[in-house]
Amino acid sequence: MTTKAMDLTTYQPKKDLLKNKIIAVTGAGAGIGRAIAKAYAKHGATVILIGRTVEKLESIYDEIEAAGYPQPAIFPLDLETAIEADYQQLVDAIEENFGQVDGLLHNAALLGERTSIASQTVKSWQKLMAVNVTAPFILTKKLLPLLHKSPQASIIFTGSSVGLKGRAYWGAYAVSKAANENLMQTLADELEETSAIRANSINPGATRTQMRADAFPAEDPSVVKSTDSLIPLYLYLMGGDSLEINGQQFNG
Ligand code: NAP
């Protein structure tokens, strides 16, 4: 696998980096997913906005449309309760409307209970695994045929520092993020010689969102970096400048 990535401190994406690309983003209604969905649209992509809260998806849809970027599409999906048939419906609708998929950003996640393994409830563990692990697996599996239709598709998984090294009281969240890294690596290895699809992961690092505020309620949000500061890295891994990059983990 290729290990050399571009120096992202100097990365200048082309304005039309994602022109004519169809890119699906989960958790597109808030936080990092919202900022990145808008950035992808700004660089020419038709963005498929996936999330559970329709009003939030409508609000980012309106923002993208008002900015004059390519018209996005909204697909409401609750990743906690969705069954295989719901994913199939989503994939069928994408195929009917767009024919192929060029990019997939697995961004949606739950933080869940911040507690010890001993105190973690089975119910909250299962809920978190459904959203953070099972959903990216099913969505990837179901979208692979449409990703194969793209001449150069990119899948981005979202990790976390606690997924790279477990930490006390981060419970199911940490385990779920480790699973995302491994899912990315396994998939990237399978796709390496056999397809034009690449898979990589991003650990955004501390970023000013609701999830960060929930995890660190005593922290002053103004000292935490903005979602917009992550845009160059997410553009780089989604666009044609990272074609050689597969199976790699990046920090935001
Ligand atoms: P956020 O502000 O809490 O946004 C999470 C997104 O996931 C929201 O759009 C949310 O939708 C969606 N989501 C949650 N449960 C869902 C479900 N059942 N079905 C569909 N969508 C669901 O979090 P964020 O900070 O932007 O996090 C984005 C990603 O970065 C996550 O994978 C997170 O683990 C990772 N991350 C964040 C940080 C950080 O400091 N912020 C650090 C490391 C990693 P609703 O708004 O409708 O609930």
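Which residues line the largest cavity? The legends below take up this question after an overview. The model is predicted: local features need pLDDT of at least 70, side-chain atom pairs count only at pLDDT 80 or more, and totals for chains, interfaces and linings use all residues. Residues are numbered from 1 along each chain as its sequence is written, and side-chain values use heavy atoms, with hydrogens and water left out.

**View 1. The whole chain.** Eight helices and seven strands make up the chain. Helices (H or I, at least four residues) and strands (E, at least two) are DSSP runs, numbered from the N terminus. Along the principal axes, the C-alpha atoms fill a box of roughly 50 × 45 × 40 Å. Of the 252 residues, 50% count as buried. Buried means under 20% relative accessible area, exposed over 50%, partly exposed in between (1.4 Å probe, protein chains only).

**View 2. The largest cavity.** Thr26, Leu79, His106, Asn107, Ala108, Val131, Ala135, Pro136 and Leu139 form the lining. A cavity is a set of points on a 1 Å grid over the protein atoms alone where a 1.4 Å probe fits but cannot get out; a pocket is an open set with protein on both sides within 12 Å along at least five of seven lines; lining residues have an atom within 4 Å of a point. The largest cavity holds about 40 Å³ of space. Grid points are joined across faces, edges and corners, and a volume is the space filled by probe spheres set on the points. Helix α4 (residues 122-148) gives the largest share of this lining, four residues. The lining divides into six nonpolar, three polar and no charged residues. Ala, Val, Leu, Ile, Met, Phe, Trp, Tyr, Cys and Pro count as nonpolar, Asp, Glu, Lys and Arg as charged, and the others, Gly among them, as polar.

**View 3. The second largest cavity.** About 30 Å³ of space lies here. Its lining consists of His106, Ala108, Ala109, Asn132, Pro136, Thr158, Lys177 and Asn180. Helices α4 and α6 are the elements that give two or more residues to it.

**View 4. The largest pocket.** Its volume is about 1,000 Å³. Of its 44 lining residues, Asn107, Ala109, Leu110, Thr209 and Met211 are the closest to the centre. The largest share, five residues, comes from α7. By class, the lining has 20 nonpolar, 16 polar and eight charged residues.

**View 5. Strand β6.** All seven of the seven residues in β6 (residues 197-203) are buried. One side carries Ile197, Ala199, Ser201 and Asn203; the other carries Arg198, Asn200 and Ile202. Strands pair if DSSP finds at least two bridges between them. Strand β5 (residues 153-158) pairs with β6 in the parallel sense over six bridges. Ala153 has Ile197 as its bridge partner. Strand β7 (residues 249-251) and β6 also pair in the parallel sense, over three bridges. Here Ile202 is partnered by Phe250.

**View 6. Leu104.** This residue lies in strand β4 (residues 103-105). Leu104 is buried, with a relative accessible area of 0%. Its contacts (heavy atoms within 4.5 Å), leaving aside neighbours within four places in sequence, include Ala24, Leu139, Leu143, Ile155 and Met238. The C-alpha atoms of Leu104 and Leu143 are separated by 8.7 Å.
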